[in-house]
Amino acid sequence: MKKLLERRETSVFLILAVLCIGLTIYSPTFFSYTNIKNVLVSNTALGIMAAGMTFILITAGIDVSVASQMMFSATWLALLSETPFGNPVTLVLAAILIGFVTGAINGFLISRFDIHPIIITLGTNSIYRGIILVMTNGRWLMNLPKYFTAFSKTVFGIPLPVVYAVLIFLVSAWLLKHTYFGRSIYAMGGNREAARYAGVNLKKTIFFTYTYTGVLCGLAGLVLDSILGNCQPSGSNGWEMNVIAAAVIGGTNILGGYGTIGGTVIGVLMMGVIENGLVVAHVPTYWQKLVYGLIIIVTVTIDVLRKKKADSKKQMIEID
Amino acid sequence: MEKMKKLRPSLNGIVLLAAFLGIVVIGTVASRNFLTIRNILSIFQQMPEMGIMAIGLTIVIITGGNDLSSGTTMGLCAVISGLCLTSGMPIALAVLVSLAAAVLCGCLNAVLVAVIGIPPMIATLGTQMFFYGAALVLSKGNSISNIPREFYFLGQNKIAGIPLQAIILVLLTVILAVVLKKRVFGKHLIAIGNNSKASAYSGVQTERVLFAAYIICSVLCCIAGNIQVSRVATARADMGYSFLMPCISAVVLGGTSIDGGIGGVGGTVVGVIIFAMISNIMNLAGISSFWQQLATGSILILVVVFNKITENHKLQRRKKESN
């Protein structure tokens, strides 16, 4: 059983490896230190959010407000760095706090009123984005101070954002595997009713899941700002789709119950390599959306068909 | 008449009417220009695109589904019709080609949802990106201008002083309202929304009905796209992209349950008019468009939460009575 489940991640990993080898043969610049570093660094924010999205998808939920939450945090942080209170410590604290608030609002609305998460997060998506656009009047916040961009320095050849991302992946993987919270998430996504009867507090679990994702989005905002050195409040529109795609490609089941951080990391790398590969192969960037959309449709279809097959093997007694 | 009858008994109808009147009052107070014929006509020139898309979305949402790809379907159809028109194709043929594309889009959604069984939100999230990508690829990321003048009639003509697209919207609304209320197909749509398994067991061909629902939605998006191409004389891939949120909000505001089974197109149109008036008032008062995004998001959440609370109240009361 375990081997069978592991196969999904390994197959994606193999595809990724083949893709990388192919690209290296096509264009040797692909496998250069600078290019690899670029791919990794430019996808750290995406990866950090995708770790949170994995939690949410495992509960059979969804969050389409992640990009807005990230920009919400990024904009407030950029504004904070313009005030005398701005220093590395307050930035990190503010990132966590802001992410906590946006995530907790999502979590509260979804768990308290039991409304489909996509509706709530569609709503908060425009609210968070609307707030920062109104606040900044759509103006770009340029020239972030030195101590801010220092967050994305390269130390001993390793870019710091990648280090943060790896740390967050490790913490997330630990939360999922070795804590009561993580097991509740899997239980809930596998079978909601059964989890409830087994004593899992569904509302609390949902609330924590969205709040944790919010915090990760807050941190992603910090990382994004420090990498770019400026903040465009209307930017990274539509990233939520890439985040979902990354998690889904990595084997997270969109119907809940299955997913791993390791898989998501592979999914993020896959997205990054495809994006980079299209550039390396001189394909116009507008093909990107088409490819991503296709990937989502195909992977989800495979997931659903697989689940159907597995379900048909089980003896099912339905009580409605 | 149709609309009034539907609105009378429900709490949502009363709220909707109150919101409508409230916004009219606010608008009249906020700007002298609000309640002029010219302004009202201009609302009705811009609003039908969103209205047509929203009534299509209503049909899908009533079945308990959702079509997040509706906005990008509109963009894709707009681009296709724009490309056909600029290539010198006759207008009727160009519109037909875009309609055929819309039917294909609807079929793809329906296959994913009804045949394969992917949750509608997720399936259409994928197709949303796919259609947007397709539109970008077709238009090479550019906006298509030089739409032939003969095509302007669809979005810029007036019949007896009323914009043509408003008449189209009214016609489509009446047709769909009649279908939902009086036709077997409409009953089937609602039945699937209430309980898809039960309706399948009682002889509803759920797959076929869902196919029809998603195709209707895509075709209406295509009509909306063509109208916008004609009105602004350009076609762009991201044309309907920003419509999705306000449309879903309008559907929910109009009393259609997001879980399916309850609802109608009349309420949706009132919902769209309310949103159109809000943005119109903001424009007249010189408030930045960023506030509109904030407002639509807040209204969506407030309405959904309000509906849920009243629904829960009703359930609790029913439980008490049965005890």
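Is the crossing of H5(A) and H6(A) right-handed or left-handed? The crossing is right-handed, the term for a near helix turned clockwise from the far one by less than a right angle, left-handed being anticlockwise.

The model is predicted, with local features requiring pLDDT of at least 70, side-chain atom pairs pLDDT 80 or more, and totals for chains, interfaces and linings using all residues. Residues are numbered from 1 along each chain as its sequence is written, with chains lettered from A and ligands numbered from 1 in the order in which they are written.

**View 1. Helices H5 and H6 of chain A.** Helices (DSSP runs of H or I, at least four residues, numbered from the N terminus) H5(A), residues 88-113, and H6(A), residues 117-136, have axes that come within 10 Å and cross at roughly 145 degrees. Axes are lines fitted to C-alpha atoms over the stretch in contact, with angles from 0 to 180 degrees between N-to-C directions.

**View 2. Helix H6 of chain A.** H6(A) has 20 residues and reaches 28 Å from its first C-alpha to its last, close to the 28 Å expected at 1.5 Å a residue, a span of 1.5 Å times one less than the number of residues. Of its 20 residues, 17 are buried (20 or more other C-beta atoms within 10 Å of their own), so H6(A) is largely enclosed by the rest of the structure. Asn137(A), with a positive phi near 60 degrees, follows H6(A).

**View 3. The side of chain B that touches chain A.** Here 36 residues of chain B are in contact with 39 residues of chain A. H6(B) gives the most to this side, with 13 residues.

How values were computed. Two residues are in contact if their C-beta atoms, placed from the backbone, lie within 7 Å. Helices (H or I, at least four residues) and strands (E, at least two) are DSSP runs, numbered from the N terminus. A residue is buried if 20 or more other C-beta atoms lie within 10 Å of its own, exposed if 12 or fewer, and partly exposed in between; C-beta atoms are placed from the backbone.
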